[in-house]
Amino acid sequence: MGVDVTITQKGLFKKNLPLEILLGGKLKYGRFDGLRLIEGELGEEGFVAYLPDRLARGIGIDWNAQKKDSVYLRLPFPSTLEETDALYDLIQRIKGYWTNCKVEIDGAILNENELEESRKINRNFNLEVLKNFCNDEEQESLTIFCALWPLVLGEKEKERFREAEDLKDFSDYLHNMQAIDVYYAKPAIYKRKEDFIGMFAITESTPSIIPSSPKIPFGLEFPGTGKESAISAWYVTLVSLSKEQEPYVVNFIDFMNALPPEKLNYYDAENVLLKELSLDEIIAIGEKYKVEL
């Protein structure tokens with residue numbers, strides 16, 4: 001669910017749409033590597049634009065430098081007022097550059113007055129979508145793909161936003177959850193002879209976001225298959241930065257059980273924030289639980 005925008009350039013003499021027009025001096029960009037955003041890189045067919053000072057969901061833009069006919073924009077719900085305004089400001093910049101164009105939002109061609117009315121409607125609709133989820137007793141959690149990485153809203157988040165009268169707290173939440181200086185751990189998938197295993201890398205002195213119970217990320221393709229499959233076992237690679245040595249490989253469950261409680265904080269409904277591990281802690285866990293694969 002979101003705002004889907006297609007802007008089509010008309011006329012015989014079309015011109016390219018520069019990246020600078022799309023960014024407008026305020027937006028930054030990046031491409032997803034399947035789970036996390038790689039900042040400052042463009043994808044083959046598009047990218048994600050976001051407000052660096054108010055990180056939220058991100059605006060998906062299907063674009064390349066040679067394409068002249070049209071551009072496709074998408075903002076998912078629920079998002080923030082700042083990001084909704086950023087989307088409609090982006091539409092206006094494109095309209096100003098492609099002076100002869102049509103704007104379709106959710107399949108309807110809109111004129112200037114209708115565009116402003118659409119902005120108002122969608123600004124308000126974000127809060128409605130958020131509260132609908134928070135008051136839905138059957139839906140236990142909601143994974144929302146954001147500018148830098150996903151967030152999973154669960155019962156704790158439902159309680160926080162259930163009585164919200166505006167989007168300020170939700171906007172603060174989305175920004176603060178992504179603005180922290182951490183490593184969002186993405187699993188590497190390896191094929192063995194008969195099965196697949198998943199591996200998370202944990203590096204010395206690096207706080208990390210890791211799953212409380214690992215599962216296959218949505219849309220992650222498996223080596224040699226191009227599709228999802230099953231994981232037989234999950235592991236953690238423990239990497240030292242201050243000492244040259246081979247990384248330790250330990251079973252994920254053994255790793256989590258070996259951590260003192262004060263090393264883990266709640267992050268969201270499916271993930272925890274792992275505080276940085278010292279070299280001594282990495283060696284102690286690695287020596288006790290290391291396995292050979």
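1. In the protein chain, 65% of the contacts with a separation of 6 or more are made by residues 24 or more positions apart; contact here means heavy atoms within 4.5 Å. This is a predicted model, in which local features need pLDDT of at least 70 and side-chain atom pairs count only at pLDDT 80 or more, whereas totals for chains, interfaces and linings use all residues. Residues are numbered from 1 along each chain as its sequence is written, and side-chain values use heavy atoms, with hydrogens and water left out.

2. Overall composition. The chain has seven helices and 18 strands. Helices (H or I, at least four residues) and strands (E, at least two) are DSSP runs, numbered from the N terminus. The C-alpha atoms fill a box of roughly 70 × 45 × 35 Å, taken along the principal axes. Of the 293 residues, 44% count as buried; buried means under 20% relative accessible area, exposed over 50%, and partly exposed in between, with a 1.4 Å probe and protein chains only.

3. Strands of a sheet pair through backbone hydrogen bonds, either parallel or antiparallel. In this analysis, two strands pair if DSSP finds at least two bridges between them. Eight strands form an open sheet in the order 3-2-4-5-6-1-7-8, with antiparallel pairing. Strand 3 (37-39) and strand 8 (108-109) stand at the edges with a single partner strand each, so one side of each is left without a neighbour in the sheet. Within the sheet, strand 4 and strand 5 are joined in the antiparallel sense by four bridges, and A49 has I59 of strand 5 as its bridge partner. Helix 2 (residues 81-97) packs on this sheet and touches strand 1 (2-9), strand 5, strand 6 and strand 7 (101-105); its direction makes about 170° with that of strand 6. For such angles, axes are lines fitted to C-alpha atoms, for helices over the stretch in contact, and the values run from 0 to 180 degrees between N-to-C directions.

4. Strand 13 (residues 196-203) and strand 15 (residues 233-239) run parallel and are joined by seven bridges.

5. The hairpin of strands 9 and 10. Strand 9 and strand 10 form a hairpin with four residues between them. The two strands run antiparallel and are joined by four bridges; I144 has L151 in strand 10 as its bridge partner. From strand 10, P150 and V152 point one way and L151 and L153 the other, and all are buried.

6. The largest pocket. This pocket has a volume of about 770 Å³. On a 1 Å grid over the protein atoms alone, a pocket is an open set of points where a 1.4 Å probe fits, with protein on both sides within 12 Å along at least five of seven lines, and lining residues have an atom within 4 Å of a point. Grid points are joined across faces, edges and corners, and a volume is the space filled by probe spheres set on the points. Of the 35 lining residues, F32, V48, R74, P76 and F145 are the closest to the centre. The lining divides into 19 nonpolar, ten polar and six charged residues. Ala, Val, Leu, Ile, Met, Phe, Trp, Tyr, Cys and Pro count as nonpolar, Asp, Glu, Lys and Arg as charged, and the others, Gly among them, as polar.

7. The second largest pocket. Its volume is about 360 Å³. Among its 20 lining residues, Y184, K215, P217, E270 and N271 are the closest to the centre. Strand 9, strand 10 (150-153) and strand 14 (208-211) each supply at least two residues of the lining.

8. Two individual residues. S171 is found in helix 5 (residues 168-179) and is buried, with a relative accessible area of 4%. K243 lies in the loop between strand 15 and strand 16 and counts as partly exposed, at 41% relative accessibility.
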